[in-house]
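Hello,

Here is the structure you were after. Please open it first, then read my notes below.

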Amino acid sequence: MECCRAHHIIAIVSLVLILSPVVVHGWGIDGHLTICRIAQSRLSESAAAAVKVLLPASAGDDLGSECSWADRVKFHYHWSSSLHFIDTPDNLCAYQYTRDCKDEYGVQGRCVAGAINNYTSQLLSYGNAASQYNLTEALLFLSHFIGDIHQPLHVGFTSDKGGNTIDVHWYTRKTVLHHVWDDSIIMTSEDRSYNSNVDGLIDAIKKNITGEWADQVQTWEDCSGNQTACPDIYASEGIKAACDWAYKDDYFQSRVPIVNLRLAQGGVRLAATLNRHVPRTV
Ligand SMILES: [Zn+2]
């Protein structure tokens, strides 16, 4: 009988397009924390040692605790705001570096993919006393931006600012679609499944990385062809996920699995990026 199909309704999100200027954020604090904690647990010995040296003492050797630093300094480092996302052409569901990686003034390379390339290159100078870069900042920016590029709506349509101008209801709360993907899905998932504790979520994702997703991890880590970093792959996946999962007018199925997958990929790839380069330089 048609009527008796079981529904797993997490939420019904009604989309109403409105025009309201909203600041673009990345994953919320827990999303970034999750990615950085997963990454730190997968670092090679030399990459882990470098991260320990570069982290500020206040971090207590916990990369996760500084993973939202780039959001905190956005207003102080005003130039960095456009490095957190990519605007792609409306409804195209595709990304191209040369066409899309630019800031609001059209300056090429100033987007999250360009920033990942830039800060990965800077980290190549680790161990070189003549390095002109602030490698602590490079590490914190890279760790944050590899997280951001895995939030599907950080590679989103230009006119709605990655879902920031799309008004939605998440249960009883009014919010915007971008925020649902930054925070709401993760927080609801933590509340329902992990006693509102981010550590439970991190453990569950780690288990999936070594279990259910184990045979995909190598592909996630892949970055061949002498490239310093591979953000274009992640950005193309992002806009596809945004089209397949985020830009929909109903939410009859949980979006939790896609959020968990992107958090896992972010963590695995941050570790892989650091592991690829840092050992060469020490
Ligand atoms: Zn961000």
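Helix 1 is largely enclosed by the rest of the structure, because 10 of its 12 residues are buried. Buried means under 20% relative accessible area, exposed over 50%, and partly exposed in between (1.4 Å probe, protein chains only). Among the buried residues of helix 1 are His-32, Leu-33, Ile-35 and Cys-36. Helices here are DSSP runs of H or I, at least four residues, numbered from the N terminus.

A caution before the rest: this is a predicted model, so local features need pLDDT of at least 70 and side-chain atom pairs pLDDT 80 or more, while totals for chains, interfaces and linings use all residues. Residues are numbered from 1 along each chain as its sequence is written, and side-chain values use heavy atoms, without hydrogens or water.

The length of helix 1 (residues 29–40) checks out: at 1.5 Å a residue it should span 16 Å, and its end C-alpha atoms are 16 Å apart. The expected span is 1.5 Å times one less than the number of residues.

Helix 1 packs against helix 7 (residues 177–193) at about 75°, with the axes 8 Å apart. Axes are lines fitted to C-alpha atoms over the stretch in contact, and angles run from 0 to 180 degrees between N-to-C directions. The two helices are therefore roughly perpendicular (65 to 115 degrees; under 35 is roughly parallel, over 145 roughly antiparallel, the rest oblique). Ile-29, Asp-30 and Gly-31 of helix 1 meet Asp-183, Ile-186, Met-187 and Glu-190 of helix 7 (contact means heavy atoms within 4.5 Å).

Now the metal. His-84 (ND1), His-144 (NE2) and Asp-148 (OD) coordinate the zinc ion at 2.0 to 2.2 Å. Donors are N, O and S atoms within 2.8 Å of the metal (3.2 Å for Na, K and Ca); water is not among the atoms, so sites may look incomplete. His-144 and Asp-148 sit four residues apart in helix 6 (residues 135–149), about one turn. Both are buried.

Last, the aromatics. The whole structure holds 11 aromatic pairs (ring centres of Phe, Tyr or the six-membered ring of Trp within 6.5 Å; planes under 30 degrees apart are stacked, over 60 edge-to-face, the rest tilted). Tyr-77 and Trp-79 are stacked, 5.3 Å centre to centre with 25° between the planes. Tyr-119 and Phe-145 are tilted, at 6.3 Å and 35°. Tyr-119 lies in helix 5 (residues 112–123) and Phe-145 in helix 6, so this pair ties together parts 26 residues apart in sequence.

Best wishes
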